[in-house]
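Open your viewer and turn on the cartoon display. We will go from stop to stop, selecting a few residues each time.

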Amino acid sequence: MAKQISVGVVNHSRARLAVNFLGSMRLAVNLLVLLAIASIIGTVLNQQQPYQNYILKFGPFWFDVFRDLGLYNVYRTNWYLAIVGFLVLSTTTCLIRNTPRMLREMREPDTAIASAYEPQRMANSITLHSPLSMDHATQMVTAILRGRGYRPKTHESAADHCMTVVGRKGRYNRLGYILTHAAIIVFCAAALYNADIPVKLAMLVGSVRPENNFHIPLSGVSKAAWLPDNNPAYRGTVTVPEGQSTHVVYELVGDGYLVQKLPFHILVKRFHVAYYSTGMPKDFISNIVIYNNEGKVLKEGNVRVNHPLTYKGVQIFQASFVDGGSLLKMKRYMLNNPGADAIRQKARVGQSVDVSGTSYKLKLKNFSLDNVVPARAIEAKPVKGLKHVNLGPSFTYIAQSKSGSGAEFKTYMQPIARNGQSYFVQGVRTAFGAPYQYLFIPTGPNGNIGLFMKYLSALQDQVTASDGKNTRDYVLDTFKRVVADYAPSMTARAEALYFQSAISAILQLRAYPAPFIVTLTGFDHRWAAGLEVTKWPATIVIYWGCAVLVLGIFILFYLPQRRILVRLRTLSSGGTEVIIGGTSSRNPYEFTKEFEGFAVRFKNVLRSQDGKKEN
Amino acid sequence: MMASSHANELLALTKIEAEGRWTNRLSKLDWLWFAGLSISVGILVDVFNSQFWFWQYVVLAVWYVTLIAVGIHWRPMQGAFLTVVTAALLGVWLYSIGQTPANDIVLRYVLQGYAGVMWMVGFLLAATIAYLIYFFTLLEKVGRLATGLTWAGVLMGFIGLGVRWRETYIGHPSWGHVPVTNLWEVMVVFCACTSLFYLYYESRIKSRALGAFVMPLVAASAIFLLWLTFVQHMDRIAPIIPALQSFWMKLHVPMMFVAYANFTIASFVGLAYILGDRSRKRGGGGILARALPSGELMDDMMAKAIALGFLLFTIATILGAVWAAKAWGGFWSWDPKETWALIVWLNYAGFLHARTSKGLRGKQMAWWSFMSLWVVTFCFLGVNLFLSGLHSYGKL
Ligand code: HEM
């Protein structure tokens, strides 16, 4: 195989040596292994993280060293691309050098083989003596070979009165080599094309410059960050709130981004998440409409994970989702004046609102429609068969005062029942990333914390009015009075439960970091769909490249070239001497077995008496 | 007179030619195999005609051709395939008539996916012990028992997988999936495939000694599987995340494991080669030299396993890229799992190239093959355990 390939060097000029080196098998092996080792780096080190992470991890010195080596984005560094490039160059050299010879060999007439080989010298060989005449034996040999699919050709040599039959199988085995290596070259070329070579070049020349400010409207993005409208290949992402549309996508580059204009507008009509009964997401679906500048609808449909939508070569994928600015209706109770009516307020996720009467600002961070948790997390003894419960909507916000104190809150909209009493539940944390501490405030018969606030207020009044009285008594008396005033329908049992819960809530409130409690009374939910949009005409090239690669490997491995050469010569003593030889380009063991089968068959058919095997 | 003898001669030649034809070497069973598969495929097409799309027909056609070829090339596959399909269909049928593992002993102890897998683990562990005993004693009876136990394990494993496929739909039709989506299911596929391919190579080289090298790894995987079952409870059927609900995933994952199976076998044959080589150099009196087949035979088997693994691995990686293109919008994201697949591929491409050049032979290639086990194992398990990325669904 390769043995025949690397020999035959006569001309020792320098260019020739360079070509030999580039096309050598040894270089190929080394490059393949080198590339494998280089690829490991990027899997050990998380790629393309914000630089701060790396500084924290390695310290400033090593951070600089690793950055200069390009270890934060290995697969786009020049040295990595250089190895790939060198491999492609080497493969190309090898292919160009070998192909003509292989093609010639494929078309080589069998007669040439007949004179080039001696059957005795082949990897497998046997000599028989047949009583049949040479012509007759030749016919038999031909028939045997034809039966086994060897396409025999006979060749008579007038010089030494012998007949040669050549049988070949898998003549196109070399095509396997050509196909695999050509596919790899095509493949790498297409991959490089995908690596935005045109954009890279444009950035190098300076005609395209990424925008670094993420907080400006589209109209404010500098012209240099816009990619050409007719860009042949791009891959960008965009987040579109429900009911809104976009005609651009963003491509992240380094610490900035580029803007690509799309040939149409994408309107996200609706986004929704389907769940399994376990609360695990089952599907993410964006219902989108594609329309042109004039507003004419071009296509409409769903984009789901694993099911992109294609329009005119542009593919739209479901990539992610976030809150798209849901409208939240809130009620706020002031802890310093719990008796007053709750204050109503509306705002959207992402907005900040002032808390009147305090120096606090609320930043509405997120809203989630569903909170599915294991049932065990709520009840000590979950209802049988119910493994998961949906706690319903919740929202998170950060409260920050001018003086700098603040906390993050996660508040559930619906009361959560626990051991017979329902609670308003709110998670609080004062350090980002710390676990939430949960505050449980019992809800009264009308389902909100109004009753609790009235009680709190009454207690505060009482404390100022009745110094010196028995604490236990007035806490309970006040409770009875508040219940009589505001919730006369409560049963004794409910009252007892409520009272206990209220007392522990009051104790919990001591550590509460804000002077108010905000509850959620309603919402107008709005998602934003994260879409990925790609245009990549080279896709089809890649697919064909893959198909050719697989076909080539199959041919190489499973259609080996096998040759059988039979030389017949009339013996002076009568009869015919038959020398049979055979080789295979692969799997010598299997071929030896096949050859043994052949030998038996030849012996039988040629009625040979003294066939001796000399393997 | 002349004409008649000429005609006789022609007839004789035609006969000689016809006798050599490969179709002539097919047995009646082969024809039955071919006919049975053709009829089954015809029925499938007829039943699913309205639901199939283009690529499902392609996959069906590939299965059809592959099964015919494999069944004829290696006849035990015919019986094995029929046994698995029949038993799995029996399990499915039992479920369909309302039986459950709770009220049906056959389901509970044999055919239920979980039970099938436990049987597989038991048989394969027993087979490993038998192979080890055989290796040291060379008792023919023990060797046959080892082969038989391995077959039993393989059959139970595939039956279990088949029935489990149906079970994923029971109770929760929307959860249904091919059982190749979590580490547990994938380990079952790995154990069963590695054993099956080992049996194939065993029957080709007609030596059982290599079982003592390959099967201990299968046993280790089976024990890992037990740990996943009893400590991690990963045998529970769970729904799958949206990214895994892909046509291409169903093809990509099993094919990867068939490739891993071949690579694994090749690496242990490499180990056997190295040890056998050492033993022979010391004079050849030891057990190793006595039990192991010749170095050339092992070298050939190793190369064959790697070649088949390489072909399948290439296809599987391409299928993975197609899946990634559908799910994430790009063929290749340099995610750690993808990158490790590339590393494995480059490693074996290097191996195959090195083998075709004269310089590297025998022991060096055996070392290369053996050391590649770590590369493959890291790609298959290590990435999920130690690195993060899109493929973290396999996390413990
Ligand atoms: C990404 C790079 C490459 C890949 C994936 C690749 C792949 C392959 C494969 C799978 C084979 C079949 C091996 C076998 O017969 O056992 C092969 C054979 C071969 N490759 Fe490469 N190759 C690559 C690069 C190269 C390069 C750079 C050369 C240049 C010297 C080369 C030269 C050969 C030769 C001479 C053969 C033997 C052909 C034969 O057996 O008929 N390959 N290659």
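Begin with strands E24 and E25 of chain A, which form a hairpin with 5 residues between them. Click on A:Gly574 in the turn: its phi is positive, about 95°. Strand names here refer to DSSP runs (E, at least two residues) and helix names likewise (H or I, at least four residues), numbered from the N terminus.

A word on what you are viewing: this is a predicted model, in which local features need pLDDT of at least 70, side-chain atom pairs count only at pLDDT 80 or more, and totals for chains, interfaces and linings use all residues. Residues are numbered from 1 along each chain as its sequence is written, chains are lettered from A and ligands numbered from 1 in the order in which they are written, and side-chain values use heavy atoms, leaving out hydrogens and water.

One pair to display is A:Arg569 with its bridge partner A:Glu577. Is E25(A) mostly covered or uncovered? Of its 9 residues (576-584), 7 are buried, meaning under 20% relative accessible area with a 1.4 Å probe, protein chains only.

Now move to another sheet in chain A, an open one with 3 strands in the order E12-E11-E22 and antiparallel pairing. E12 (343-348) and E22 (516-524) stand at the edges with a single partner strand each, so one side of each has no neighbour in the sheet. Select E11 (residues 327-334) to see its 8 bridges to E22(A), where A:Leu327 is partnered by A:Asp524.

For the last stop, select the iron atom of the ligand. Which residues coordinate the iron atom? They are A:His181 and B:His353, each through NE2, at 1.8 to 1.9 Å; donors are N, O and S atoms within 2.8 Å of the metal (3.2 Å for Na, K and Ca), and water is not among the atoms, so sites may look incomplete. A:His181 sits in helix H8 (173-194) of chain A and B:His353 in helix H13 (336-356) of chain B, so the pair joins two chains. With 12% relative accessibility, A:His181 counts as buried.

Methods:
Buried means under 20% relative accessible area, exposed over 50%, partly exposed in between (1.4 Å probe, protein chains only). Two strands pair if DSSP finds at least two bridges between them.
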